[in-house]
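Subject: Structure for you to look at

Hello,

Please find the structure we talked about below. My notes come after it.

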Amino acid sequence: MWQVEVDVDKCTGDEECVNACPAQVFELTDGKADPVNMDECLGCETCVEVCPEGAITVTEV
Ligand code: SF4
């Protein structure tokens, strides 16, 4: 299981993670990335790499 967290203070809603995630984990909610499908996360950390704001952390739980 992977825990995906978005720092909403850093997120600018550019949707890089929404578009890059191979598991469609993210949706945009009120202009911020929201990991609504966290259960589908593969732990690949692509979202961490593509986020220009460094707003995403992925942790194995
Ligand atoms: S770690 Fe990979 S599968 Fe998980 S939310 Fe990020 S891009 Fe999607």
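This is a predicted model: local features need pLDDT of at least 70, side-chain atom pairs count only at pLDDT 80 or more; totals for chains, interfaces and linings use all residues.

Residues are numbered from 1 along each chain as its sequence is written, and side-chain values use heavy atoms, with hydrogens and water left out.

Overall fold. The chain has two helices and four strands, in the order β-α-β-β-α-β from the N terminus. Helices (H or I, at least four residues) and strands (E, at least two) are DSSP runs, numbered from the N terminus. The C-alpha trace spans about 25 × 15 × 15 Å along its principal axes. The radius of gyration is 10 Å, which agrees with the value near 10 Å for a compact globule of 61 residues; it is taken over C-alpha atoms, and the globule rule is 2.2 Å times the number of residues to the power 0.38.

Burial and core. Of the 61 residues, 30% are buried (under 20% relative accessible area; exposed is over 50%, partly exposed in between; 1.4 Å probe, protein chains only). The largest nonpolar core holds 15 residues, and Phe 26 and Ile 56 have the most contacts inside it. Strands β1 (2-6) and β4 (56-60) each supply at least two residues of this core. A nonpolar core here is a set of buried Ala, Val, Leu, Ile, Met, Phe, Trp, Tyr and Cys residues joined through side-chain atoms within 4.5 Å. Leaving aside residues up to four places away in sequence, Ile 56 touches Val 4, Glu 5, Val 6, Cys 17, Phe 26, Cys 47, Val 48 and Cys 51 (contact means heavy atoms within 4.5 Å).

Ligand. The ligand is surrounded by 13 residues, the closest being Cys 21, Cys 41, Cys 44, Glu 45 and Cys 47 (a residue counts if one of its heavy atoms lies within 4 Å). Cys 21 sits in the loop between α1 (16-20) and β2 (27-29) and is buried, at 11% relative accessible area. Cys 21 and Glu 45 are 24 residues apart in sequence and 8.7 Å apart in space, C-alpha to C-alpha.

Gln 3. This residue lies in strand β1 and counts as partly exposed, at 32% relative accessibility. Beyond residues up to four places away in sequence, Gln 3 touches Met 38, Thr 57, Val 58, Thr 59 and Val 61.

Regards
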